[in-house]
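Please read the following note alongside the sequence and the model.

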Amino acid sequence: MPAHHQIGLTRPDVSAGAVRRELPYMYATYVTPFVGFVMAATLAVFVRPPGIMEVGILMAMYVPTTIGMDMGLHRHFSHQAFKAHPIVRILLGVFGSMTSQGPLIRWAMIHLRHHDTADRPGDPHSPHYVWDRKLSTLEGLWWGSWGWMFEPGTWMGRDWADYPRHLNR
């Protein structure tokens with residue numbers, strides 16, 4: 001594993017203050033959009049089904065966010081698969097950030113760490129391990145889908161010095 005990708009296989013010590021500072025970011029990024037989705041789905045089922053305007057808005061948001069996540073966060077920012085004009089780079093970053101998957105640099109770093117340790121200890125969102133602890137099937141379902149996003153200590157500060165240089169430009 002390249003040295004600039006190594007973060008460690010054991011859970012870091014995180015102060016209570018750091019966790020308190022991170023919670024608003026975690027909730028704003030992950031919980032708020034999910035609550036909005038549940039509310040919109042409830043309205044669509046019980047109040048008024050979606051019309052052409054709602055479907056149009058859905059598509060107008062779905063297409064750029066999908067491009068932002070796949071081409072932007074994944075291909076461009078994580079893997080540097082292509083060079084982009086600065087305006088395209090900004091748009092990819094904005095559209096990728098609209099996917100409610102956390103800050104761009106954090107997404108890219110976690111993705112690179114995932115590639116280095118896929119489904120082994122150290123993989124940030126493996127359904128098989130949390131740090132170096134083996135998970136049961138039910139624990140793995142939660143951790144691999146959602147739990148890893150709420151792990152204290154990965155939002156602010158702890159990992160920033162370990163990010164690959166290309167993400168700190």
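1. A residue is called buried when its relative accessible area is under 20%, exposed when over 50%, and partly exposed in between (1.4 Å probe, protein chains only). A108 has a relative accessibility of 0% and therefore counts as buried. Its place is in helix α4, residues 104–117. Helices (H or I, at least four residues) and strands (E, at least two) are DSSP runs, numbered from the N terminus.

2. The model is predicted: local features need pLDDT of at least 70, side-chain atom pairs count only at pLDDT 80 or more, and totals for chains, interfaces and linings use all residues. Residues are numbered from 1 along each chain as its sequence is written, and side-chain values use heavy atoms, with hydrogens and water left out.

3. The protein contains five helices and two strands, in the order α-α-α-α-β-β-α along the sequence. Of its 169 residues, 34% count as buried. Contact means heavy atoms within 4.5 Å. Among contacts in the protein with a separation of 6 or more, 66% join residues 24 or more positions apart.

4. Helix α3 has 12 residues and reaches 16 Å from its first C-alpha to its last, close to the 16 Å expected at 1.5 Å a residue; the expected span is 1.5 Å times one less than the number of residues. Which residues of α3 are buried? L92, G93 and G96 are. They lie on the same side of α3 because they cover an arc of only 100° around the axis, the arc being that of the directions from the helix axis to the C-beta atoms. On the other side of α3, I87 and I90 are exposed. The cover over the buried residues of α3 includes α2 and α4.

5. The axes of α2 (residues 52–78) and α3 (residues 86–97) come within 7 Å and cross at roughly 115°. Axes are lines fitted to C-alpha atoms, for helices over the stretch in contact, and angles run from 0 to 180 degrees between N-to-C directions. Residues of α2 that meet α3 include P64, T65, G68 and F77, and their partners in α3 include R89, L92 and F95.

6. T65 lies in helix α2 and is buried, with a relative accessible area of 14%. Beyond its neighbours within four places in sequence, T65 is in contact with F95, M98 and T99.
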